[in-house]
Every structure is written in C-alpha cells, then in structure tokens.
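Hi,

Here is the structure I promised to pass on. Could you open it and keep it beside you while you read my notes?

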Amino acid sequence: MKKLNFSILLLMFVLTVEAATVEGMRVWTGPEHTRAVFDLSGSAEYKLFELDNPPRVVIDLENAQLTSSLAIKNNKDIKKVRFSNKKKDVRIVLDLHDKLKSKSFLLKPAGEYGHRLVVDLSHESKPQVKTVEQVTQANRDVVVAIDAGHGGEDPGAIGPSGTYEKDVVLSIAKELAKKINAQKGMKALIIRTGDYYLKHRKRFEKARQQGADLFVSIHADAFHSPKVNGASVYILSQRGASSEAAKWLAASENKSDQIGGVVIEDKQDVLSKVLYDLSQNAALEESHKAAKSVHSAMRSVVKLHGQGFGQANFLVLKSPDVPSMLIETGYISNPGDEKKLKDPKHISKLTQQITDGIRNYFFQSPPPNTWIAAQAKAKKHVVQSGDTLSGIASKHGVSLSDIKSINNKASNQLLVGEVLYLPNQP
Ligand SMILES: [Zn+2]
C-alpha cells in the first residue's frame with residue numbers, strides 16, 4: 001500500500017513539472033506574412049489545423065494552460081484570438097480576415113526568449129518575375145539594396161536608455177533610401193520595411209531577385225564596454241576575422257536567426273558551398289572596393305571605431321554575387337552614440353556620407369548598361385584655377401544643371417584639381 005502511494009505521488013510530480021503555461025503572445029506583420037509567437041514556460045506538444053467559414057487556425061497545445069487572456073488589435077491578417085482551457089490542454093483559435101496558409105514550429109530558448117511556438121500565416125505567394133525592363137534596359141539605374149538589421153522578435157542590441165537597434169536602423173535605412181533615390185542614376189530597394197524578422201538568407205536573396213548591384217546592411221550593435229564608440233564598415237571574410245572585436249560582432253550578429261525565429265532547414269547551404277565560394281571571390285573584391293569608398297566618405301564626418309574597417313564571417317553578407325557590406329553606424333551601448341543615432345541631424349549627415357561613398361564606388365566600378373557607366377565613360381574636366389561651372393558648361397555645350405546633378409554638386413563652387421564628369425551628348 002505504501003508503495004502504491006509513492007508511485008502516484010511520483011506521477012503527479014512529473015505531470016506538474018511538465019505542464020507548460022502560455023505566458024504571452026506577440027504578433028509581427030510584414031508585407032507577405034504575419035507571425036504570431038507564443039511564449040511557453042516549457043516545451044510542449046501541439047497540433048495545428050486550418051478551418052474555413054469563417055477562416056481560422058486552431059492550435060491545440062497538449063498539457064498546457066493559458067492563465068491570462070491574449071489580445072490583438074488592428075492586425076491586417078488576424079481578426080481575433082480566442083482560447084479555452086480544457087482539463088489538461090488549451091485550445092487557441094486565431095480568427096482570420098481571409099484564408100491564409102499556415103506554417104508552425106517550436107523554438108528552443110534563444111537570447112532573451114524561452115520556449116516559443118511560432119505560427120506564420122502567409123498569403124499565397126505570387127511567383128517572382130524579374131522585370132524584363134531591368135534586364136535589358138540600357139542606361140538603367142544602379143540598385144542599392146538597404147537592409148535594416150534585426151526586426152520583429154529580434155530587437156538587436158538595446159541601448160542604456162532603452163533604444164532598440166531594430167528601430168534606429170530602420171529609420172536610418174529609410175533616410176538612406178531617400179538620399180539614394182535623390183541621386184541621378186541610383187535607386188534604393190528597402191529589404192525590411194517594418195517591424196518583422198527576415199532570416200539572413202532571405203535578406204540577400206530578396207536583393208538578388210530584384211537585381212541589386214550592392215547590398216548594404218545597417219546595424220548599431222552593442223559592445224561589452226559602454227565606453228566603446230564609433231562607426232565601422234565590415235565585409236565578409238571566409239577565413240577568419242580581422243580582429244577579436246569583428247569576430248565577436250559577427251558571432252553575436254549571426255545569432256539573430258535563432259532569436260528572430262528561424263528553423264534550421266537549409267541543407268542546401270552545405271551542398272552549394274563550393275559553388276558559392278567560387279563566385280563569392282569576385283563579389284568579395286567588389287565588396288572591398290565599395291566598403292573602402294564608403295569608409296573614406298564616412299571618415300570625414302563620423303568618428304570611426306579604431307580603423308573603422310574590418311572583415312568577419314557575417315551570414316547576411318554571404319550573397320554569392322552581389323557585393324555586400326555591413327555598416328555599424330555606432331555602438332548603441334555607448335550613451336553618446338545612442339543619442340546620436342536618434343538625432344535626425346546626425347542621421348542626415350551620416351546617410352549623406354554613405355550615399356556619397358556608394359556613389360563614388362559606382363563611378364569607379366560601374367555595372368554595365370547603367371546610366372552611371374555611361375557617365376563614367378564620358379568626358380571629364382579637371383578644374384583649373386579661374387574655371388567657373390557656367391564657363392565649363394558653355395565650353396562643352398552642356399547644361400549647368402546636368403553637370404551639377406551628375407557630379408552631385410549642391411553649389412557652383414569649384415576646387416582646383418576637382419574632376420567633373422560631363423554629360424554624354426545624345
Ligand atoms: Zn546588429
């Protein structure tokens with residue numbers, strides 16, 4: 001009799017330990033999908049199915065309970081969340097505005113998070129069609145893909161006064177896009193447009209699909225010492241990092257996929273490695289030129305961290321054929337940098353320098369069939385003492401405003417020795 005009591009006690013103990021609580025829900029919405037994330041106090045098993053009329057997704061979590069209610073407001077995909085606790089299980093129902101495709105998976109603890117159940121709801125994806133215009137058009141714009149790091153579940157680094165890296169880098173990316181679009185012959189493509197997570201591979205794939213000529217990932221990470229400040233430009237290294245700091249940064253950056261909520265499923269990563277290595281060498285050479293150009297443009301207005309240039313194994317820079325760089329716009333862990341990264345004046349100056357650096361790179365190394373390639377082949381004029389902009393324009397029979405726009409000049413001031421590109425005559 002005594003023995004029986006003991007085993008009942010033991011069974012109850014096991015059940016109590018294993019029952020998970022649903023502690024909360026977060027919802028992130030991007031242009032193509034909505035992600036609902038449930039925080040669980042421990043691991044759990046679940047079943048998920050879709051129902052029509054009205055469209056909804058039902059999640060049965062086994063041996064789990066929900067203790068506080070879940071709410072959602074103003075979401076374009078999820079209308080309402082309902083739940084009911086059964087004896088040992090909990091059923092959660094997501095009422096949808098329209099029928100959506102669902103994909104779900106469990107995540108083990110990562111970063112600040114414990115166990116999570118992720119439900120991705122996506123609209124039927126339309127096949128990606130590369131615009132014919134972009135492939136064949138001569139004199140096309142160069143396309144600069146701008147990737148704001150982190151997002152959604154992944155806040156990135158957090159500053160001493162509570163600033164999230166994912167938020168500041170998104171506003172810097174948007175400002176940079178504005179500056180790039182203001183340049184003749186250049187067009188920006190923003191990779192992450194809102195507060196949601198995109199896995200590293202998806203970021204550069206999106207850039208490739210849309211014919212990007214350059215990929216720029218924007219960050220503002222933390223360091224273990226709050227004293228460290230300044231900006232840096234990084235490119236990919238497949239052989240090892242240029243410094244301990246670069247290595248540490250890449251390792252912390254590469255964890256984003258686990259925190260942001262990505263299931264490791266890319267077996268092709270291993271298979272295609274050799275192919276990638278071959279074409280990546282050419283891209284890496286261009287990455288180096290582009291990053292050096294941005295680095296020297298930034299140097300004039302921003303305090304750089306040490307040399308301000310480094311190499312490490314960043315996953316997001318692994319595009320096989322698009323030159324790529326990662327810009328640390330500052331250290332969010334430094335109170336001074338944190339403040340600057342929220343200052344519109346500083347951001348405007350910084351993004352203008354980055355734009356100039358990118359533009360200079362394209363003029364040095366223009367992709368074929370672009371407007372910039374046509375200008376780079378055009379005549380040049382080296383400014384002599386006594387030259388005026390209007391004098392040069394009339395001498396070469398071109399308009400003053402064309403010279404200014406090609407050479408990115410706001411004023412008519414000239415420097416002796418300055419090289420001016422002259423517009424091509426039709
Ligand atoms: Zn970052």
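Below is what turned up, topic by topic.

Before you start, note that this is a predicted model: local features need pLDDT of at least 70, side-chain atom pairs count only at pLDDT 80 or more, and totals for chains, interfaces and linings use all residues. Residues are numbered from 1 along each chain as its sequence is written.

First, the inside. A nonpolar core here means a set of buried Ala, Val, Leu, Ile, Met, Phe, Trp, Tyr and Cys residues joined through C-beta atoms within 7 Å. Buried means that 20 or more other C-beta atoms lie within 10 Å of a residue's own; exposed means 12 or fewer, partly exposed is in between, and the C-beta atoms are placed from the backbone. The largest core has 90 residues, and Val 144, Ala 145, Ile 146, Val 294 and Met 325 are those with the most contacts inside it. Helix H3 (residues 165-181) provides the largest share, eight residues. (Helices, H or I of at least four residues, and strands, E of at least two, are DSSP runs numbered from the N terminus.) Domain 1 (19-122) and domain 2 (138-262 + 273-364) both contribute residues, so this core lies between them; the domain bounds come from an automatic or database domain assignment. There is also a second, separate core of five residues, including Ile 403 and Leu 420.

Next, strand E13 (residues 231-236). Six of its six residues are buried, so the strand is largely enclosed by the rest of the structure. Strands count as paired if DSSP finds at least two bridges between them. E13 pairs with strand E14 (residues 304-312) in the parallel sense over five bridges, and Ile 235 has Gln 311 as its bridge partner there. With strand E15 (residues 324-328), E13 pairs in the antiparallel sense over three bridges; there, Tyr 234 is partnered by Leu 326.

Then have a look at the open sheet of four strands, ordered E3-E4-E7-E6 with antiparallel pairing. Its edge strands are E3 (45-51) and E6 (78-85), each pairing on one side only. Seven bridges join E6 to strand E7 (residues 90-96), and Lys 80 has Asp 95 as its bridge partner in E7.

Last one: is Pro 344 buried or exposed? Pro 344, which lies in helix H10 (residues 344-364), is exposed, with 9 other C-beta atoms within 10 Å. Pro 344 and Ile 172 are 172 residues apart in sequence and 9.1 Å apart in space, C-alpha to C-alpha.

Cheers
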